[in-house]
Protein chains: 2
Amino acid sequence: MAAVTTNATIVTFGGRLLKLTHQSATTGTPMNFNLFIPPGASSSKPAPLLIYLSGLTCTPENVTEKGFLTAHAGPLGIALLYPDTSPRGTDLPGENDAYDFGSGAGFYIDATKEPWSKNYKMESYVSKELPSVVFNEFKEIDSSRVSISGHSMGGHGALTLYLKNPGAYKSVSAWAPISNPINAPWGQKAFSGYLGEDKEEWKKHDASELVKGWKGPLNALVDVGTGDNFYKQSQLLPENLEKAAKDAGVGGLEVRYQDGYDHSYFFISSFGADHLKHHAKFLL
Amino acid sequence: MAAVTTNATIVTFGGRLLKLTHQSATTGTPMNFNLFIPPGASSSKPAPLLIYLSGLTCTPENVTEKGFLTAHAGPLGIALLYPDTSPRGTDLPGENDAYDFGSGAGFYIDATKEPWSKNYKMESYVSKELPSVVFNEFKEIDSSRVSISGHSMGGHGALTLYLKNPGAYKSVSAWAPISNPINAPWGQKAFSGYLGEDKEEWKKHDASELVKGWKGPLNALVDVGTGDNFYKQSQLLPENLEKAAKDAGVGGLEVRYQDGYDHSYFFISSFGADHLKHHAKFLL
């Protein structure tokens, strides 16, 4: 297990916010992540964990500074884990050419196409290696109670990792998720670049496809702002997720359309209380 | 009355966050400010206003993105006004040479020393012109119910404007305020540069001096983090304010020392709920 370096420890909302770095065996790069440990958590009374996956262009810092999830996680006694959105500094050709592919845009899948397949393994990193590192290093966190959430690309990540790994997470939530990436420009570009042109492969990483095979209630909360330009541009397609779940007879999916809200952290922070309360129902 | 330009309108916490610019007659420059109008506010049911003055180097954006005062102001029905911390772009020699003098460091006083005296009139701007512009343009705000708060240099600003203008504000609060600037390096540098070397003049802009003349209860809440490096470096000196108030028999000042908290927005946001509740007692 690689050692974890602590870059900063900050007291906030009664808990500790840690800015951390470790050498990832999965991505082959150093990876930054932030961890909030709520007040009262200890090895004898470990806190449940909510993983939050960020959207395109983000590092762990954006949600740390602008998400305000700690305000609600602290009083509830829930830990928060903020991974990065891609490997960094691989020097692959074109890595930094676009905001929606390469650096900052790992899409929480394991690339199978060269040259990305060596480092861009964000599915394995986020669902396997990083939690293992966290549970090994921080005994204040309870590995048996984990939920997952995310925003935009990270909403896609949260929904698909949840649907791919039944039982691994207690509940899921998403703000403005890319809900049907095989039918949206962002998803098509990413899947083509990381996975190639076999569209049957793409379906394995699409929440609106994966939901068809779900058994039991989804324990899912989704918020979308009606003033969100990416929603208007059909990048998110939450209606397709709703229809797929309904057609498949899958319940427990609440999708809310929030009047006038945009795609920003002003939207995320406005509904953080509701998302933490949603997860608390399943984690506490 | 100069027109106000709206640069952005954002829905957050049920209200509207406006990013605004106007041409200030006081500073002679364009000035940015942000305004949060809570849900339910209207010309027939105007909301009370809390002014928040930012610290060194900040623009109105910092607290807007990282302060999360809106999370508490929205449900309470309190409007928020975030002014800038100095004139910008005056091209005065040295304006941008230091983080603690000139641009981003107006100290909420009216400079009397050349060349700063022409533009650096942040006391008049924040206490007179800007509220007048806001009340004229936004009838959803109640000019008869106003309180004031701030952080660090802005905490100095909030305390001194409150103490200089009895009756103008219903209550005051500050996070990590520069409480006795005439005895602190930041204050001494600023007052020397803006006001000259007459230390009797400096006292007119020092909360620990001004509090001696206060009549009645202070209605004041102050938070300071014990992990704040500027507190440790004796830039803030809240104990001097406490002692001065006590010696003068002035009550209604609650100073809290928060264990381990630093000087950052992680500290400000952690105690935003308490500060909004404090002001709500006097505004609602």
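## A walk through the two chains

Angles here run from 0 to 180 degrees between N-to-C directions, with axes fitted to C-alpha atoms, for helices over the stretch in contact. Helices (H or I, at least four residues) and strands (E, at least two) are DSSP runs, numbered from the N terminus.

A word on what you have open: this is a predicted model, where local features need pLDDT of at least 70, side-chain atom pairs count only at pLDDT 80 or more, and totals for chains, interfaces and linings use all residues. Residues are numbered from 1 along each chain as its sequence is written, chains are lettered from A and ligands numbered from 1 in the order in which they are written, and side-chain values use heavy atoms, with hydrogens and water left out.

**The sheet of chain A**

Now colour the strands of chain A. They form an open sheet of nine, in the order E1-E2-E3-E5-E4-E6-E7-E8-E9, with mixed pairing; two strands pair if DSSP finds at least two bridges between them. At the edges you'll find E1 and strand E9 (253-258) of chain A, each pairing on one side only. Ignoring direction, neighbouring strands are turned by 20 degrees against each other on average.

Next, pick E7 (172-175) and E8 (220-225) of chain A: they run parallel, joined by four bridges. Click A:Ala174 and look across to its bridge partner in E8(A), A:Val222. Then bring up helix H4 of chain A (153-164), which lies across E4 (47-53), E6 (141-151) and E7 and runs at about 135 degrees to E6(A).

Over at E1(A), show its neighbour E2(A), residues 15-23: the two pair in the antiparallel sense over eight bridges. A:Val11 has A:Arg16 as its bridge partner in E2(A). The hairpin of these strands has two residues between them, and A:Phe13 takes a positive phi near 45 degrees there.

**Over to chain B**

Show the strands of chain B: nine of them make an open sheet in the order E1-E2-E3-E5-E4-E6-E7-E8-E9, with mixed pairing. Strands E1 (4-12) and E9 (253-258) of chain B are at the edges with a single partner strand each, so one side of each has no neighbour in the sheet. From one strand to the next, the twist averages 20 degrees.

Select E4 (47-53) and E6 (141-151) of chain B, which pair in the parallel sense over six bridges. B:Leu50 stands opposite B:Ser147 in E6(B). Helix H3 of chain B (122-137) packs on the sheet, touching E1, E2, E3, E4, E5 and E6 of chain B, and makes about 55 degrees with the direction of E3(B).

**Where the chains meet**

Last stop: show both chains and select the contacts, 18 residues of chain A with 19 of chain B. About 1700 Å² is buried between them, 64% of it from carbon and sulfur atoms; buried area is the accessible area (1.4 Å probe) that two parts lose on being put together, summed over both.

There are two salt bridges between the chains, each a side-chain nitrogen of Lys or Arg within 4 Å of a carboxyl oxygen of Asp or Glu. One of them is between B:Lys66 and A:Glu65, at 3.7 Å, N to O. On chain A, strand E1 (4-12), helix H1 (60-66) and helix H10 (265-270) each supply at least two residues of the side that touches chain B.

How values were computed:
Contact = heavy atoms within 4.5 Å.
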